[in-house]
Each structure stands twice: as structure tokens, then as C-alpha cells.
Amino acid sequence: MEFDLGKTVLVFAVLIAVGTTALVGMGVMATGTVLMMVTPAMVVFGAICLGIGVKHGEYRSTR
């Protein structure tokens, strides 16, 4: 499967949505805490990891 920007954003959004839904569904934390603190942290951490992964892939493809 080749990833382009659209597929990457879709997979990223689905992963965040599944994680948020699971945390809200399990009832481990209050819903407000999950939506206001955990989900934004997942988005920021995921974006950082995605950026590092893309740069690493670019580096590997040039070697």
C-alpha cells in the first residue's frame, strides 16, 4: 500500500478516534479529562512521531 497525504491523515485520525473511544468506553477516566487532556496529547505525540518517521523514511530512501 502506498501512503499519500490523504491516506496518512485518514489512518492518523482513525487511530486517535479509536483510542479516544476506547478510553471513554472503558470509563477509566472522566470523559472531560479524556477529551480535554488525553486526546490533544495523543494528537501532538502522534504528529511528532509521524514527522520523525517521515524524515527517517526520507533519510533511508536516499542511502
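**View 1. The nonpolar surface patch draws mostly on helix H2.** H2 gives the most to the nonpolar patch in this predicted model, with 3 residues. Helices (H or I, at least four residues) are DSSP runs, numbered from the N terminus. The patch on the surface is formed by Val24, Leu35, Met36 and Met37, which together have about 430 Å² of accessible area. Such patches are made of residues with over 30% relative accessible area and no salt bridge; nonpolar side chains (Val, Leu, Ile, Met, Phe, Trp, Tyr) are joined within 5 Å, like charges within 9 Å. Accessible areas come from the Shrake-Rupley method with a 1.4 Å probe, and for residues only the protein chains shown count as cover. Met36 is found in helix H2 and counts as exposed, at 68% relative accessibility. Residues are called buried under 20% relative accessible area, exposed over 50% and partly exposed in between (1.4 Å probe, protein chains only).

Residues are numbered from 1 along each chain as its sequence is written. Because the model is predicted, local features need pLDDT of at least 70 and side-chain atom pairs count only at pLDDT 80 or more, while totals for chains, interfaces and linings use all residues; side-chain values use heavy atoms, with hydrogens and water left out.

**View 2. Helices H1 and H2 cross at roughly 150°.** The axes of H1 (residues 5–26) and H2 come within 10 Å. Axes are lines fitted to C-alpha atoms, for helices over the stretch in contact, and angles between N-to-C directions run from 0 to 180 degrees. H1 and H2 are therefore roughly antiparallel to each other (under 35 degrees counts as roughly parallel, over 145 as roughly antiparallel, 65 to 115 as roughly perpendicular and the rest as oblique). H1 passes H2 in a right-handed crossing, where the near helix is turned clockwise from the far one by less than a right angle; anticlockwise is left-handed.

**View 3. Glu58 and Lys55 form a salt bridge.** The N to O distance is 3.2 Å. A salt bridge has a side-chain nitrogen of Lys or Arg within 4 Å of a carboxyl oxygen of Asp or Glu. A search of the whole structure finds 1. Both residues belong to H2 (residues 31–61), where a spacing of 3 residues separates them by about one helical turn. Glu58 is partly exposed at 39%, and Lys55 is exposed at 55%.

**View 4. Ala47 and Val54 lie in H2.** Ala47 is partly exposed, with a relative accessible area of 41%. Its C-alpha atom is separated by 15 Å from that of Gly57, 10 residues apart along the chain. Val54 is also partly exposed, at 41%. Val54 and Met26 are 28 residues apart in sequence and 33 Å apart in space, C-alpha to C-alpha.

How values were computed. Helix = DSSP H or I, 4+ residues; strand = E, 2+ residues; numbered from the N terminus.
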